[in-house]
Amino acid sequence: MSGSGALYTREVLALATSLSQWPLDPGLPLSGAARSPTCGSAIALSLATDQAGAIAKIGLKAQACAIGQASAAIFAAAAAGRDADNLSAALAGIRSWLKDGGELPDWPGLAMIAAARDYPARHGAITLAWQAALEALSSQQNPR
């Protein structure tokens, strides 16, 4: 694999631009943020949950590379209906896949950014949306 050409495919760039479908909404009751110390990419997220505590509505703002933006769009597209336990399991699976090279986790769309596993500097950007959503959901469970 040579250069970033294999990483920044048309599909990845299309995913990155599709993030505009989920604009950050400061009116949503929960918010979270995450930043990658490796690359400096950051995600701010707002969401609302249903009565069972599952994500009902989501908005994101990414200051990230195209991989981070694409990953956030992948997250947003499949986040509805998922709760903290599901997100925690997904995040653990993604981290294991990135670090240990195991099976691609069961999250719709992740195969679109599978080439990023070969770029450790992008790993932190990939997990940001899951981290920010878990922070937002934990603020609901443990009000300050």
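**Close-up 1. Start and end of helix H3.** At the start of H3, the backbone nitrogen of Asp85 lies within 3.2 Å of a side-chain oxygen of Asp83, a polar contact being a pair of N or O atoms within 3.5 Å, one able to donate a hydrogen and the other to accept it. The model is predicted, with pLDDT of at least 70 needed for local features and 80 or more for side-chain atom pairs, while totals for chains, interfaces and linings use all residues. Residues are numbered from 1 along each chain as its sequence is written, and side-chain values use heavy atoms, without hydrogens and water.

Close-up 2. Buried residues (under 20% relative accessible area, 1.4 Å probe, protein chains only) in H3 are Ala84, Leu87, Ala90, Leu91, Ile94, Trp97 and Leu98. Down the axis of H3 they fall within an arc of 150°, so they line one face of the helix; the arc is that of the directions from the helix axis to the C-beta atoms. The face turned away carries Asp85, Ala89, Lys99 and Asp100, which are exposed (over 50%).

**Close-up 3. Packing of helices H1 and H2.** H1 (residues 10-18) and H2 (residues 66-78) pack at about 65°, their axes 7 Å apart. That makes H1 roughly perpendicular to H2 (65 to 115 degrees).

**Close-up 4. Surroundings of Leu24.** Leu24 sits in the loop between H1 and strand E1 (30-35). Its C-alpha is 7.6 Å from that of Ile58, with the two residues 34 apart in sequence.

Technical notes. Helix = DSSP H or I, 4+ residues; strand = E, 2+ residues; numbered from the N terminus. Axes fitted to C-alpha atoms, helices over the stretch in contact; angles between N-to-C directions. Parallel < 35°, antiparallel > 145°, perpendicular 65-115°, else oblique.
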